[in-house]
Amino acid sequence: MVDLSVRIGSLTMRNPVTTGSGTFGFGSEVADLIDLNKIGAVCVKATTTHPRTGNPAPRIVETAGGMLNAIGLQNGGIENYLSEKLPYLRGFDCPIIVNVPGEDPEDFAYVVERLTEAKGADAIELNISCPNVSHGLDYATDPKATAEVVARCRRATTLPLLAKLSPNVTDIRPIAQAAEDAGADGLSLINTVIGTAIDARTRRFKLANVTGGLSGPSIKPIALLHVHRAASAVKIPIIGMGGIMSATDAIEFLLAGATAVAAGTANFINPGVALEIAAGIESYLRANDFTDVSQIIGAVR
Ligand SMILES: Cc1cc2nc3c(=O)[nH]c(=O)nc-3n(C[C@H](O)[C@H](O)[C@H](O)COP(=O)(O)O)c2cc1C
C-alpha cells in the first residue's frame, strides 16, 4: 500500500492533487468528466464580496507553451457561491478550497468570515497575487502588506488558511515568511506571471486589458524555483503549481518541497488530469519502493 494522503493545516487530502483556482470553475462544469469523489481537493474560482463581471474581451490569448489570461476575477459573489455553487459541490466527497481575493484587508476578512460561518469551505486560499485587477499585486509583492491581510483573515477564521503568492517578485522568501509569521497554515504558489502579447498584423495588444497572467508549461521552471525557495524559508506546507501537465511535473514540485500540487491550465486540455496525476504519483512511489508520499517531499539533492 502507498499512502498518498497529505495534510495542509487541519485539512486532509486523500491525495496531493488539487486544481488551480479559475481553471476548474466551481466543479459542476467538469463533474461529468472527472470523478470529484477521488480528487485531493477542488479549489474553486475566486469569490468576492460582490459579483464581478471581470475585464472586457479579448481576455485569453494562447502563447508559446502556455496562455495569457486577463479574466479579472469574474464571479457571482459570495452569496451566489453559498446558495448556488456550494450545495452542488457538497454532494461530492471532496474537500473544497475557496479562493478569496479582496480590495483591502477588511474586504478579504468579510468573505473569509462568511465562508466560515456558512461552512462554505474546508480551507481558504487568500488570493493576494492576482495580476489582472488594479492593485491585485500590491499585497503579494510586499511582506508587510502580505502580513496585514493574512493576520486580519487569521482573526476571522479557524479554517485552514493559505496565502497564494506571486512569482512577480525578485525573492519570494521574505514574503513566504511574512505569511507564515502572520498565521497562514500553508502557501499556494505560483499565481500567474505578468506578461503581454502584441499582434504584429493589427499592431494592437492582443488583450483588451493589455497585460495578462501567463500560465502553462512555459512557467514551470519559474514556479519550481519559487517553490524550492519558499520551502527552504518556511515550515508550513506548500501547494505547488505552475505548468504542471503530468505526474512527472507534479513529482518535480514535490521533490522541490511542495506537500501538494495543483493542475491549472492543464484542465483546459484534459479536465481529468488531476486524477491522472495522482495515479501517476502513486505508480512512481510504488516503482521506487516508497510507501508514503511524504518520503519524496523536499527530497531533491
Ligand atoms: C483562466 C485562468 C483563470 C485563473 N483564475 C484565478 C483565480 O480566480 N484566482 C487565482 O488565485 N488564480 C487564478 N488563476 C491562476 C491559477 O490558479 C494558477 O495559479 C496558475 O495558472 C499557474 O498554474 P498553471 O500553469 O498550472 O495554470 C487563473 C489561471 C487561469 C489560466
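Analyst: Asp-289 counts as exposed because its relative accessibility is 69%, where exposed means over 50% relative accessible area, buried under 20% and partly exposed in between, with a 1.4 Å probe and protein chains only. The residue lies in the segment after α8, which spans 273–287. Helices here are DSSP runs of H or I with at least four residues, strands are runs of E with at least two, and both are numbered from the N terminus. The model is predicted, so to speak of a local feature requires pLDDT of at least 70 and a side-chain atom pair counts only at pLDDT 80 or more, while totals for chains, interfaces and linings use all residues. Residues are numbered from 1 along each chain as its sequence is written, and side-chain values use heavy atoms, with hydrogens and water left out.

The backbone of Asp-289 has a phi near 60°, a positive value in a residue other than glycine. Most residues other than glycine have a negative phi, and most peptide bonds are trans. Arg-203 is classed as exposed because its relative accessible area is 71%.

The peptide bonds give two further exceptions. Ala-57 and Pro-58 are joined by a cis peptide bond with omega of about -5°, and Pro-58 is found in the loop between β4 and β5 (60–63). Another cis bond joins Leu-189 to Ile-190, with omega of about 15°. Ile-190 belongs to the loop between β10 (186–189) and β11 (193–196).

The ligand brings in another set of residues. It is surrounded by 24 residues, and the closest are Ser-21, Asn-99, Gly-216, Gly-243 and Thr-265; a residue is near a molecule if one of its heavy atoms lies within 4 Å of it. This shell divides into seven nonpolar, 15 polar and two charged residues. In that count Ala, Val, Leu, Ile, Met, Phe, Trp, Tyr, Cys and Pro are nonpolar, Asp, Glu, Lys and Arg are charged, and the others, Gly among them, are polar.

The ligand sits in the largest pocket. A pocket is an open set of points on a 1 Å grid over the protein atoms alone, where a 1.4 Å probe fits, with protein on both sides within 12 Å along at least five of seven lines. To sit in it, a molecule must have more than half of its atoms within 2 Å of the grid points.

Lys-164 places a polar side-chain atom 2.9 Å from an oxygen atom of the ligand. A polar backbone atom of Gly-216 is 2.8 Å from a ligand oxygen, and an N or O atom in the side chain of Thr-265 is 2.6 Å from an oxygen atom of the ligand. Taken alone, the ligand exposes 610 Å², of which the protein buries 97%; such areas come from the Shrake-Rupley method with a 1.4 Å probe.

Asn-267 is found in helix α7, residues 266–269. It counts as buried because its relative accessibility is 4%. Its side chain reaches the backbone oxygen of Ala-263 at 2.8 Å. A polar contact of 3.3 Å also joins the side chains of Asn-267 and Thr-23; such a contact is a pair of N or O atoms within 3.5 Å, and within protein one must be able to donate a hydrogen and the other to accept it, with residues adjacent in sequence counted only if both atoms are side-chain atoms. Thr-23 is in the loop between β3 (17–19) and β4 (42–44), and counts as buried because its relative accessibility is 16%.

Some pairs of residues show how sequence separation relates to distance. Asn-75, in the loop between β6 (66–69) and α1 (78–89), is buried at 8% relative accessibility. Its C-alpha atom is 6.1 Å from that of Thr-47, 28 residues apart along the chain. Asp-181 lies in helix α4, residues 173–181, and is exposed at 65%. The C-alpha atoms of Asp-181 and Val-150, 31 residues apart along the chain, are separated by 9.1 Å. Leu-4, in the segment before β1 (6–8), is buried at 10%. Its C-alpha atom and that of Thr-158, 154 residues apart along the chain, are separated by 25 Å.

Technical notes: On a 1 Å grid over the protein atoms alone, a cavity is a set of points where a 1.4 Å probe fits but cannot get out, and a pocket is an open set with protein on both sides within 12 Å along at least five of seven lines; lining residues have an atom within 4 Å of a point.
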